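Okay, thanks for coming, everyone.

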Amino acid sequence: MPTRQRAFLILASLGLLAVASIGLALTVGSFKVSYGEVLAALLGNEGGAGDIVLQLRLPRALAGFACGGLLALAGALMQVLLRNPLADPYVLGISGGAGVGAMFAMLLGWPVLGIDGLAFVGAFAAMLLVFGLAHGDGSWTQTRLLLTGVIVAAGCGALVALMLSIADEHKLRGMLFWLMGDLGQSAQWWPAFAALAIALLLAMPFARELNLLSRGLMQAQALGVAVGRLRYAIYLLASLATAASVTTAGSIGFVGLVVPHLVRLATGNDQRLLLPASVLAGGSLLVLADTLARTLIAPQQLPVGVLTALIGVPVFLFLLSRQPK
């Protein structure tokens, strides 16, 4: 178990990284803004650089941090639940399920609340389908889990293609937003932040039980863990986190795969530290990736989902090659 001092040092360092990544996002872009101008804007000075910081870059950076934290938290919860470092909302098709729900609501012309609700339903349905089929004879198997995830993701992709083919032309731009994973239209950052705070507050009380579960199913049951109740709670939390991220920034892959694994290598497997550390690291990673996406070929902007996939695919293949055959 990590000492309190070590845990505090790790979280403080990641907190500083988060602040630094958001600060960098506020200054870097096609229009350079100095740190002095950023500070003046945050203190209430409007006009010129202040409008760029407060109305464009700050909401986008905060939305990116919240979405990265949500995806990392969902990935960390699923990895410890399945005891598999390859578990991830994107790889297992859960992000695809949330995207299908959101796009179907957009196709019907529903308001934002309806889009969020159907995204949650889609994510939860995809998760139940994947985990239910992967359960097999009563034990989670890596091959069955990954194969089921690939099939569900492919099915979600087919449904997405079907909806795009029948959608009205004026709706296509908004619907394509979900496919690319883009923070350029994330003006409303507070719903994702609220979902992140709620999900983390609800997950932390389960940290001790998750620590026991990581040692093995039988041992956790022998020590009094209600495994069935815990699984349903984690399903619900991971679905909420994934849906909140997808409805804010579209389908962004591999953050939930890469971040928890790297944090686990650095901090250990104590969920009391791993969960908040993954949130801070995931938020920082997505903010930095989005900053790179909008400055790499400025003034044109790349979808941040492209960059996270370019990072995540090699890591995923590396992890897969290290798994026992």
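I'll begin with the overall fold and then stop at two residues.

Quick housekeeping: this is a predicted model, so local features need pLDDT of at least 70 and side-chain atom pairs count only at pLDDT 80 or more, while totals for chains, interfaces and linings use all residues. Residues are numbered from 1 along each chain as its sequence is written, and side-chain values use heavy atoms, with hydrogens and water left out.

So, what does the secondary structure come to? We have 14 helices and zero strands; helices here are DSSP runs of H or I, at least four residues, and strands are E runs, at least two, numbered from the N terminus. The radius of gyration is 20 Å, close to the 20 Å the globule rule gives for 325 residues, so the protein is as compact as a globular protein of that length. That radius is taken over C-alpha atoms, and the rule is 2.2 Å times the number of residues to the power 0.38. Along the principal axes, the C-alpha atoms fill a box of roughly 65 × 55 × 35 Å.

Now the inside. Buried residues account for 52% of the 325, where buried means under 20% relative accessible area, exposed over 50%, and partly exposed in between, using a 1.4 Å probe and protein chains only. As for contacts, meaning heavy atoms within 4.5 Å, take those between residues at least 6 apart in sequence: 75% of them join residues at least 24 apart.

Let's zoom in on S284, in helix α13, residues 271-295. Buried or exposed, then, for S284? S284 counts as buried because its relative accessibility is 1%. Which residues does S284 touch, leaving aside neighbours within four places in sequence? Those would be L14, L17, A18, S21 and F65. The S284 side chain also reaches the backbone nitrogen of A18 at 3.4 Å, and one of its polar atoms lies 2.8 Å from the backbone oxygen of L280.

My other stop is L201, in helix α8, residues 190-203. L201 has a relative accessible area of 65%, so it's exposed. Where does P276 come in? P276 is 75 residues from L201 along the chain, and their C-alpha atoms are separated by 9.8 Å.

That's my tour, so over to you for questions.

Notes: A polar contact is a pair of N or O atoms within 3.5 Å; within protein, one must be able to donate a hydrogen and the other to accept it, and residues adjacent in sequence count only if both atoms are side-chain atoms.
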